[in-house]
Amino acid sequence: MQNRTKSKYTNAILLTVALLSLGLGYWFSQQFQTQSRDGAIPEGLEATVLDKARPLSEFTLHDHDNKPFSDQTLKGHWSFLFFGYTHCPDVCPIALKVMQDAWKQIPHDPADQAAPRMFFVSVDPDRDTSELLKQYVRYFDSAFIGVTGKANEIDKLTGQLGILYGFEDKDPETGNYNVNHSAQFVLIDPQGRLRAVISPPHDPATIASNFQTIRKYYGD
Amino acid sequence: MLISRRYLQPLVALCFLLFVPVLQADEILDIDDAWVAEAPPVAPVMGGYMKIENETNKPISITRASCPEFDAVEIHEMSMSGGMMKMREIEKLDIPAGGKVELKPGGYHLMLIKPKKPFKKGDTLTVTLHTADGQSQAVKMEVKERKASDDHQHHHH
C-alpha cells in the first residue's frame, strides 16, 4: 500500500520533471535559434536584409545637442538612419513624414532598452547647424534625432553604408544649391551592425511591420 | 426679373464682351489641387504641387514662377539617377495642347525658397506662373499637411 502511494508520487514527480525539461528544452532551442539565425533572412519583406550583419568601422559625428554620435552610439538599440539635408523640398520631408507615421505603429516601451531610434543625418553640414537640425527633425517627431559633422567623418559613415550624395553647383542669384542623395532608410542592429536597407517608395505600415519581423527574427 | 426681352440680348452680349477677355487673360491654364506642403517652421524651403491642364489647342510652356513671400520659386524635376534622388531645376515645363502635367511629391514640384514668414497648414499663398509667350496666371495655393501616401509612386499590394 505504502509502496503504491510512493510510486504514485514518484510518477507525478517524474511527469513534472519530464514536462519541465521538455519546456526548457524548447525554450533553449528557441533561444539558440534566435542567436544562430545570422546567415539566413526572413521571408516576405520589402527590405534588403543582409544575411550576415556588417559591423561598422569608426566614425565621429555629433547629434543636434552637440553630443558625440559615433559607431558606439549605435550600440545597444536598433537604429534607423536617413541621409538628407534641410534645404530639401521633397524627398527628405516625404521620408520623414513616412517615418513619423511608421513610428506610431512601432511599440516604444520605455523599459525596452533596444527599442529603435531614428537619426536624420545631414550631409550638408555647412548649412545645417545643430539648432536648425533639432527644430527640423522634432517637427516630425520629438524623439527623432538630427546628426551631422565634418564632411570626412560623414563620408566614413556613408561609405560603409552604401549611401551616396553629391552637391550641385551654387545658383549665382540665390546662392542656393541642391544636394543629390540616396533615399533609403538604413537599419542598424543593437550590435551596431548594418542589418537592412529599405529603399523607396516607402510605406509606413510596411516599414513598421518589416522592422518588427526583422527584430523578432534576429533578436536584440 | 423685370428686364424686358429687348434688353436681354444686348445684356448677354455685353457680359460676354466683358468677361471673355478677362478669362482669356487670367485663365490660360486649368489648375486644380494646388497646395504647398507644410514644412518645419525652420525649414528653408517648401515644396508646392498642382495639377495643370491645358485646354487650348496650342502647347504652353511655363518658364518661371514667382511669389513675393519667398526669395525665389523654382520649377524642379526629380529623378532617380545612379542610386541617388536627383533634383534638377528645369528651364521650362511644357504642357501639351489638350494635355496635363501633374506636379506631385516625388516628381515635378515647385521649390519655394526662403519663406519671408513661416507658413502653417490652412494658410494660403499666391504663386504666379509665367509662360513663354509672356502671359501669366495667379494660382492660389493652400498650405496642407503632407500625408505619407502622397508619394504616388508607391505600388499598392
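A salt bridge is counted where a side-chain nitrogen of Lys or Arg lies within 4 Å of a carboxyl oxygen of Asp or Glu. This is a predicted model, in which local features need pLDDT of at least 70 and side-chain atom pairs count only at pLDDT 80 or more, whereas totals for chains, interfaces and linings use all residues. Residues are numbered from 1 along each chain as its sequence is written, chains are lettered from A and ligands numbered from 1 in the order in which they are written, and side-chain values use heavy atoms, with hydrogens and water left out.

**View 1. A network of salt bridges links K97(A), K121(B) and E145(B).** Over all chains, the structure holds 12 salt bridges.

**View 2. R215(A) forms salt bridges with D112(A) and with D220(A).** The closest N and O atoms are 2.8 Å apart in the pair with D112(A), and 2.8 Å apart in the pair with D220(A). R215(A) counts as buried at 16% relative accessibility (buried means under 20% relative accessible area, exposed over 50% and partly exposed in between, with a 1.4 Å probe and protein chains only). D112(A), at 22%, counts as partly exposed, as does D220(A) at 46%.

**View 3. E77(B) forms a salt bridge with R88(B).** The closest N and O atoms of this pair are 2.5 Å apart. E77(B) is partly exposed, with a relative accessible area of 23%, and R88(B) is also partly exposed, with 47%.

**View 4. Residues of α2(A) meet residues of α3(A).** In this contact (heavy atoms within 4.5 Å), C92(A), P93(A), L96(A), K97(A) and Q100(A) in α2(A) meet Y136(A), Y139(A) and F140(A) in α3(A).

Definitions and conventions: Helix = DSSP H or I, 4+ residues; strand = E, 2+ residues; numbered from the N terminus.
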